[in-house]
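Subject: Structure handover

Hello,

Please find the structure below, followed by notes on what was found in it.

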Amino acid sequence: MTTCVFCGIAKKEIPSSAVFEDLEVMAFKDIQPSAPVHYLVIPKEHIQSIAHLEGNHKEVISKLIFTAKELAIKFGLKGYKLVFNVGKEGGQVIDHLHLHLLGGWNNKKDIDILPHPSLDK
Ligand code: 5GP
Ligand code: ZN
């Protein structure tokens, strides 16, 4: 059993509500949504964060963004936010790179959220 939660999800050792999967990436519902629509898109490979990207990750990182874009179309989001929290000081709690896809707000004032004010926790 792996100790990384998102590796566990990628390997199906930990259940998730997956909405997309291929050989390299996976997308699933955030367990504690910060927006009416909140998905996480991850590489199956364990990469700690954006700060840990190497030259050979260019393709997979681009794939995360394209996957999020396709999911936004699939779920009818006209506008949305794509967020990478990077490092503890950037609000990253899970040390497996993930892209937040956030949207579905009806109320304009709710759009200006900071998805993970985890520094306040
Ligand atoms: P971070 O703050 O690291 O950028 O965001 C981590 C996100 O992962 C949070 O929004 C949190 O709700 C979500 N999360 C943490 N554990 C799990 C889990 O076991 N399953 C799912 N689906 N989401 C999780
Ligand atoms: Zn991992």
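S3 and S5 run antiparallel and are joined by five bridges. Helices (H or I, at least four residues) and strands (E, at least two) are DSSP runs, numbered from the N terminus. One of the links is between Val 41 and Leu 99, its bridge partner in S5.

Before the rest, some conventions. This is a predicted model, in which local features need pLDDT of at least 70 and side-chain atom pairs count only at pLDDT 80 or more, while totals for chains, interfaces and linings use all residues. Residues are numbered from 1 along each chain as its sequence is written, and chains are lettered from A and ligands numbered from 1 in the order in which they are written.

The sheet

Five strands make up an open sheet with antiparallel pairing, in the order S1-S2-S3-S5-S4; two strands count as paired if DSSP finds at least two bridges between them. At the edges are S1 (18–21) and S4 (80–83), each of which pairs on one side only. On average, neighbouring strands are turned by 15 degrees against each other, direction ignored. Axes here are lines fitted to C-alpha atoms, for helices over the stretch in contact, and angles run from 0 to 180 degrees between N-to-C directions.

A hairpin of three linking residues takes S1 to S2, and the two strands pair antiparallel over three bridges. Phe 20 has Ala 27 as its bridge partner in S2, and Ala 27 in turn has Val 41 as its partner in S3. S2 and S3 are joined by five bridges, also in the antiparallel sense; Lys 29 stands opposite Tyr 39 of S3.

In S3, five of the seven residues are buried. The cut-offs count other C-beta atoms, placed from the backbone, within 10 Å of a residue's own: 20 or more is buried, 12 or fewer is exposed, and anything in between is partly exposed.

H2 lies across S1, S2, S3, S4 and S5, and runs at about 20 degrees to S5.

The core

The largest nonpolar core has 20 residues, and those with the most contacts inside it are Met 26, Ala 27, Val 41, Ile 42 and Leu 101. Helix H1 (5–10), S2 (25–29), S3 (37–43), helix H2 (58–74) and S5 (99–103) each supply at least two of its residues. Such a core is a set of buried Ala, Val, Leu, Ile, Met, Phe, Trp, Tyr and Cys residues joined through C-beta atoms within 7 Å.

Beyond its neighbours within four places in sequence, Leu 101 is in contact with Tyr 39, Val 41, Ala 68, Leu 71, Ala 72, Tyr 80 and Leu 82. Contact requires C-beta atoms, placed from the backbone, to lie within 7 Å.

Two loop residues

Glu 24 is in the loop between S1 and S2. Glu 24 counts as partly exposed because it has 15 C-beta neighbours inside 10 Å. With neighbours within four places in sequence left aside, its contacts are Pro 43, Lys 44, Val 60 and Lys 63.

Ile 47 is in the loop between S3 and H2. Ile 47 is also partly exposed, with 19 C-beta neighbours inside 10 Å.

The ligand

Of the 15 residues around ligand 1, Ile 31, Gln 32, Asn 85, Val 93 and Ile 94 come nearest; a residue is near if its C-beta atom, placed from the backbone, lies within 6 Å.

Regards

Definitions and conventions
Two residues are in contact if their C-beta atoms, placed from the backbone, lie within 7 Å.
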